[in-house]
Amino acid sequence: MPIYAYRCEECGFAKDVLQKMSEEPLSVCPTCGKSSFRKQVTAAGFQLKGSGWYVTDFRNGSGGGAAAPTAPTADGGAATSTSPAPAATPAAESSAPAPASDAGKAA
């Protein structure tokens, strides 16, 4: 269950309340009894730090240490191989027509 921060707009009383998400927000201040108890917008109570966790971690079955982190590939997935990518073939580069030259045209 999340913890919500409340503050009374009349008397300034503040309180953190453990509440279900499905419960109605509190509105009556427990100190002054007025209906000016409002839920505040607060920052998340945790931070995500580090290089992350990958699906490939602990895949070797030992469960003792994490696998080496892998860099994301161009398509957004994680690279699983440590071998270098194959070089581009010259045939793929020469299949496109060469651009026309504008050097001989007058302006």
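Q: How do you know what the values rest on?
A: This is a predicted model, where local features need pLDDT of at least 70, side-chain atom pairs count only at pLDDT 80 or more, and totals for chains, interfaces and linings use all residues. Residues are numbered from 1 along each chain as its sequence is written, and side-chain values use heavy atoms, with hydrogens and water left out.

Q: Why is Cys8 in no disulfide?
A: The structure holds zero disulfides. A disulfide is a pair of cysteine sulfur atoms within 2.5 Å. For Cys8, the nearest cysteine sulfur is that of Cys11, 3.6 Å away. Cys11 is in no disulfide either, with the sulfur of Cys8 as its nearest, 3.6 Å away.

Q: Is Cys8 buried or exposed, and what makes Cys11 partly exposed?
A: Buried means under 20% relative accessible area, exposed over 50%, and partly exposed in between, with a 1.4 Å probe and protein chains only. Cys8 has 0%, so Cys8 is buried. Cys11 has 39%, so Cys11 counts as partly exposed.

Q: Why is Ser36 called buried?
A: Its relative accessible area is 5%, so the label is buried. Ser36 is found in the loop between β2 (14–18) and β3 (37–39).

Q: Which residues does Ser36 touch?
A: Contact means heavy atoms within 4.5 Å. Leaving out residues up to four places away in sequence, Ser36 touches Arg7, Cys8, Glu9, Glu10 and Ser27.

Q: What makes Ile3 exposed?
A: Its relative accessible area is 59%, so Ile3 is exposed. Ile3 is found in strand β1 (residues 3–8). Strands (E, at least two residues) are DSSP runs, numbered from the N terminus. Residues up to four places away aside, Ile3 touches Asp16, Val17 and Leu18.

Q: How do you know that β1 and β3 pair?
A: Two strands pair if DSSP finds at least two bridges between them. Three bridges join β1 to β3, so they pair. The two run antiparallel. Tyr6 stands opposite Lys39 in β3.

Q: Why do β2 and β3 stand at the edges?
A: Three strands form an open sheet in the order β2-β1-β3, with antiparallel pairing. β2 and β3 each have a single partner strand, so one side of each is left without a neighbour in the sheet.

Note on methods: Helix = DSSP H or I, 4+ residues; strand = E, 2+ residues; numbered from the N terminus.
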